[in-house]
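Please look over the sequence and structure first.

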Amino acid sequence: MAHKKTFLLLLIMVALAGLFFALQIRRARQITVTRNSVGLISEKSAFIPITETDPILGNPGAPITVVEFMDFDCKECLNLHNTIAEFINTHPQDIRLVWKDAPQEKIFSKSLSWIHEIGWCVAQQNEKKFWQFADSLQQNNRPSESEVQTTLTSLNIDSQRLNACLNNGLAKQKLAESTEIFKALNLKTLPAIFVNNKLINTQEDINLNEMLETFIKK
C-alpha cells in the first residue's frame, strides 16, 4: 500500500512539473522582442571643437567636415579612414577630414597613446607628413618603438623638434583634450565618425562613398 501511495505521489509530481513546463513554453511564445531602430545618421547634431592644431586632410574651407576619432590599435577605424581619405582624393574641394586622437585602453594591452603623441608632434612639424605617418603605421599590428622610429626616419622628421614637442607636455595635453571630447559626446566604442556634426552608425553595413556623395549633392 505504501508503494502505491509513493508511486501515485511521483505521478502527481511529474504531472505538475509537466504542466509548469508547458506554461513556461506558452509564456515564452507570447513574448515579442522589439528591436530598437537606430538610424544610419543621427538626427542630433553634436558640437565638436576643431582647432588649428588638429590634423586636417582636404580643403580646410570645405562645406563637408568629417571628424574621425582614431586609435592606431583599431583596424576598423583605420580601414574607414582609408575609405574617407580616398574619397577626399577624388573630391579635394568638397570635403575635409579632421583627425581626433582617441587611444583606448584594452583588457590585455595598454593604449597606444605614446604613438598618438608622436603623431601629433609630427603634424605640428608637417601636416602632410602626419598623414604619411598614419598611413605607414597601418601596415603594422601594434607597431613597436623600432617600427615607429623607422617610419619617422623614412619621413625625415626632425628628431630634435620632435623630442622638444614630446617633452613640453603639449602632446599629452592635446590627447587629454580629445579624450575628454570623446567622453563628453558619450561615445563608448570605436569607430566613431561624424559627418557635419552628426554621428554615423558604423555598426550598420554602410557605404561611406555613397553617403558622402549624398552629402555633396545636398
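Strands β2 (residues 64–70) and β3 run parallel and are joined by 7 bridges. The model is predicted: local features need pLDDT of at least 70, side-chain atom pairs count only at pLDDT 80 or more, and totals for chains, interfaces and linings use all residues. Residues are numbered from 1 along each chain as its sequence is written, and side-chain values use heavy atoms, with hydrogens and water left out.

**Strand pairing**
- Strands are DSSP E runs of at least two residues, and helices are H or I runs of at least four, numbered from the N terminus.
- Two strands pair if DSSP finds at least two bridges between them.
- Strand β1 (residues 56–58) pairs with β3 in the antiparallel sense, over 3 bridges.
- G58 stands opposite R96 in β3.

**Cover of β3**
- Strand β3 (residues 95–101) is mostly covered, with 7 of its 7 residues buried.
- Buried means under 20% relative accessible area, exposed over 50%, and partly exposed in between (1.4 Å probe, protein chains only).
- One side holds I95, L97, W99 and D101, the other R96, V98 and K100, and all are buried.

**E117**
- E117 lies in helix α3 (residues 113–125).
- E117 counts as buried because its relative accessibility is 11%.
- Leaving out residues up to four places away in sequence, E117 touches L166, A171, K172 and L175 (heavy atoms within 4.5 Å).
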